[in-house]
Structure formats: structure tokens, C-alpha cells
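Let's take a walk through a protein complex together, one piece at a time.

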Amino acid sequence: MKFDLHIHSCLSPCANLEMSPSEIVQRAVAAGMGGIALTDHQSARNTPAIAECARRAGLACLYGLEVCTAEEVHTLALFDTTEQALAMTDWVYAAMPKRVNDPETFGDQPVVTWDDDIVEMEWRILAMGCRKTIPEVSAKCHELGGIYLAAHIDRSAFSVYSQLGNIPSDGAFDAVEISRTADETIWLPKAEGYAVTRSSDAHNLDDVARVWTEADLPAFTTAALKAAFAARTTRPSPRLTTF
Amino acid sequence: MTAAEICTAVNGTIAVEVADAAATGVYVGDLLSDIMGHAGEDCALVTIQNHLNTIAVCTLVGCAVIVLCHNRPVPPDMAEAAAREGVAIVVTPLSQYAAARALSALPPAEH
């Protein structure tokens with residue numbers, strides 16, 4: 001089964017407004033994905049919409065958010081249900097600055113329905129980090145029944161390597177992610193024994209499922225992924241070398 | 001101090017030029033949340049955070065000059081946003097501390 005665990009919708013201020021849940025699901029199905037995860041910055045408020053789109057398309061879906069921690073490290077918290085993801089969102093929101101987003105500065109943040117109507121504009125600044133540290137976010141994610149990944153560890157900003165110099169070895173993470181262009185001959189050794197995934201981190205439609213991770217999963221669930229991570233049986237797709 | 005004067009002081013090069021960009025104080029920080037919470041208006045921001053979001057934070061706090069240390073490259077999307085928002089970027093080979101020392105004629109800009 002191929003899956004893309006890191007996709008942004010229009011709710012993320014830096015994502016293209018064309019990233020509606022319905023379009024994302026269509027692209028993922030066309031690309032042959034067996035499952036996807038929606039991971040907007042600091043928020044899972046578009047997961048109910050994509051859950052309905054995925055249900056209609058028969059696509060397996062996980063529901064998550066890309067949490068920017070107090071260390072300003074980007075991390076993925078993934079769940080089996082929208083309720084879990086929204087509970088995580090509430091917890092992250094409570095630890096975020098109370099400043100109001102300026103769409104001109106950071107971008108629009110629409111919460112949408114499955115059929116592309118805008119419900120409201122999220123007012124918080126989703127581009128900013130929260131006050132919770134990696135160990136705290138990890139503990140909350142696991143308490144809610146989720147899995148926790150270090151995002152794009154190869155990137156020079158907002159990654160464990162850029163912010164901390166290494167990957168915390170305290171068991172906070174279930175796996176790590178390398179980005180679409182990361183050279184696996186360099187970054188697999190730097191994963192420090194963690195299971196490695198590759199996902200698109202798509203911010204526009206053409207990037208959805210351009211890279212992926214493959215594993216033999218009995219079902220596309222966090223439990224099955226966690227077992228595959230523990231067994232180190234996830235296989236990242238080849239990196240992109242052309243754009 | 002104008003951006004040009006700051007550039008000279010830190011032995012830097014102007015990566016994004018903005019007419020009339022200037023600073024009345026200095027703030028040093030690499031975490032955007034810290035910069036947003038503490039940097040004072042009209043500061044020169046001494047940082048290694050070469051990311052698009054740094055420009056957004058500068059517009060929020062009213063910072064018109066970034067001093068990017070260790071010759072970090074300016075990504076194209078960051079340069080575009082800086083030009084659009086009127087934030088000058090000076091790139092220097094100096095570290096954050098060395099750059100701050102070179103700008104010691106300016107007071108701390110924090111709140």
C-alpha cells in the first residue's frame with residue numbers, strides 16, 4: 001500500500017487555495033494512493049470535510065495536524081478519527097498566541113465543507129508555533145491515541161536537525177519523515193534508527209502524492225502504521241530530482 | 001541607522017534593498033515566536049532565520065531591516081516577500097553576537 005502522510009489543505013495559510021479536500025482526495029485516488037493524511041498547520045479543522053470526501057471516494061484517510069512546537073520544529077500528529085484530531089487541535093490552540101491572523105501577511109485560512117463551501121476563516125495565526133515542547137506534544141498525541149512523526153528532518157528550517165541538531169532519542173517520535181527531494185543515501189543514515197517515511201508536504205494540487213511511502217499494511221490505521229514503524233518495514237519512494 | 005550604514009557596520013552585502021529602510025535599535029533572535037513576542041518596533045533584526053515567515057513576523061513587529069548572519073542564503077520567496085513588504089535584508093558573514101557588537105551604537109529594541 002502506498003500512502004502520503006503529509007498534505008496541506010487551503011486551511012494552511014501557506015497552501016494554495018485550490019487545495020480543497022475534494023480535490024486532494026481526487027488527486028490522491030488518481031495517483032494510486034491507498035491512504036492519505038491531512039495535516040494542516042496547527043489545526044485539523046478541515047478533517048471533517050476530507051473525511052466525507054474520502055468516504056465518498058472509498059479512500060482511507062487519517063486525520064492530523066502539523067504541530068509547530070515551542071522549539072519551532074514541525075511535527076505530525078496523526079489520528080484515526082476526526083474527533084481525536086480536533087481534540088488535539090483544541091489543546092494546541094490553547095497554547096498558541098492569541099494574535100489575530102492578517103491574511104495579507106500570512107495568507108487566508110478557510111475552514112471548508114466537503115463540497116467546497118467556506119464555513120468561516122480561522123482567526124488564529126496558524127503560521128506560528130505553540131508553547132508546547134516536543135515531549136509535551138508527543139505525550140498528548142499518544143494520550144489521544146495518535147502517532148507522532150518528526151517532519152522533513154532534512155530541511156534547513158523548522159526541522160529537528162535545524163532546531164536541535166539531532167533527533168531526540170527519548171522515544172517522542174514513532175517515525176521520521178524525509179522531504180520529497182531528500183537524498184536517501186544521506187538521510188537514511190541520519191534517521192538514527194527511526195523508521196523513515198517520505199511524504200509530499202503538498203501545498204498545491206500538483207504535489208499531492210508526487211512522493212509517498214509504501215508498506216504492507218493490513219489496514220490504513222495508526223495501529224498498523226505504528227507496527228510497521230516498529231518493524232522498520234516502511235519504504236520511502238524515490239526522491240524527486242526534477243520539478 | 002540606515003540599512004546601508006548597518007550593512008557597512010557588519011561588513012555585509014545588501015540582498016534586498018529598500019529605500020529609506022532604517023532601524024533605531026537591535027533585536028537578536030532566531031525563534032520566530034520569540035521575535036514576535038519581544039522584538040521592538042523599528043529594530044534591526046539580527047538572525048539566522050532565513051525563511052519566508054521571518055518577513056511576516058517583521059511586518060507584525062515593525063522591523064524594516066534584517067541582518068542575516070553566517071552568510072545564510074536568502075530563499076527567492078523570502079526575497080520577494082521582503083521587497084513587497086519593504087523589509088531590507090543585509091547578509092553578513094558575522095555571527096549573531098559579532099553582528100550585534102558591530103551594531104552596538106544602537107540600543108536594544110525590545111518590549
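Is Ala172(A) buried or exposed, going by its C-beta neighbours inside 10 Å? To answer, we need a rule: a residue is buried if 20 or more other C-beta atoms lie within 10 Å of its own, exposed if 12 or fewer, and partly exposed in between, with the C-beta atoms placed from the backbone. Ala172(A) has 21 such neighbours, so it counts as buried.

Before going on, a word about what you're looking at. This is a predicted model, in which local features need pLDDT of at least 70 and side-chain atom pairs count only at pLDDT 80 or more, while totals for chains, interfaces and linings use all residues. Residues are numbered from 1 along each chain as its sequence is written, and chains are lettered from A and ligands numbered from 1 in the order in which they are written.

Back to Ala172(A). You'll find this residue in the loop between helix H5 (160–164) and strand E8 (175–178) of chain A. Helices (H or I, at least four residues) and strands (E, at least two) are DSSP runs, numbered from the N terminus. Leaving aside residues up to four places away in sequence, Ala172(A) touches Ile134(A), Pro135(A), Ser138(A) and Tyr148(A). Touching, or being in contact, is about C-beta atoms placed from the backbone: those of the two residues must lie within 7 Å. Glu136(A) sits 36 residues away from Ala172(A) along the chain, and their C-alpha atoms are separated by 8.9 Å.

Now zoom out to the whole of chain A. Its secondary structure comes to seven helices and eleven strands. Of its 243 residues, 52% are buried. Look at contacts between residues at least 6 apart in sequence, and 70% of them join residues at least 24 apart. The C-alpha atoms fill a box of roughly 45 × 40 × 35 Å along the principal axes. How does the radius of gyration of chain A agree with that of a compact globule, and what are the two values? A compact globule with 243 residues would have one near 18 Å, and chain A has 16 Å, which agrees. That radius is taken over C-alpha atoms, and the globule rule is 2.2 Å times the number of residues to the power 0.38.

Next, hop over to chain B. Its average pLDDT, the predictor's confidence in each residue from 0 to 100, is 96, and 100% of the residues score at least 70. Chain B has five helices and five strands, and along the sequence they follow the pattern α-β-β-α-β-α-β-α-β-α. Of its 111 residues, 47% count as buried.

How do H3(B) and H4(B) lie against each other? Their axes, which are lines fitted to C-alpha atoms over the stretch in contact, come within 8 Å and cross at roughly 20 degrees. That makes H3(B) roughly parallel to H4(B), a label for angles under 35 degrees. Glu85(B) is found in helix H4 and touches Ile55(B) and Thr59(B), not counting residues up to four places away in sequence. With 16 C-beta neighbours inside 10 Å, Glu85(B) counts as partly exposed.

Finally, see where the two chains meet: seven residues of chain A are in contact with nine residues of chain B. For the complex, the predictor gives an ipTM of 0.76 and a pTM of 0.91.

Technical notes. Axes are lines fitted to C-alpha atoms, for helices over the stretch in contact, and angles run from 0 to 180 degrees between N-to-C directions. Angles under 35 degrees count as roughly parallel, over 145 as roughly antiparallel, 65 to 115 as roughly perpendicular and the rest as oblique.
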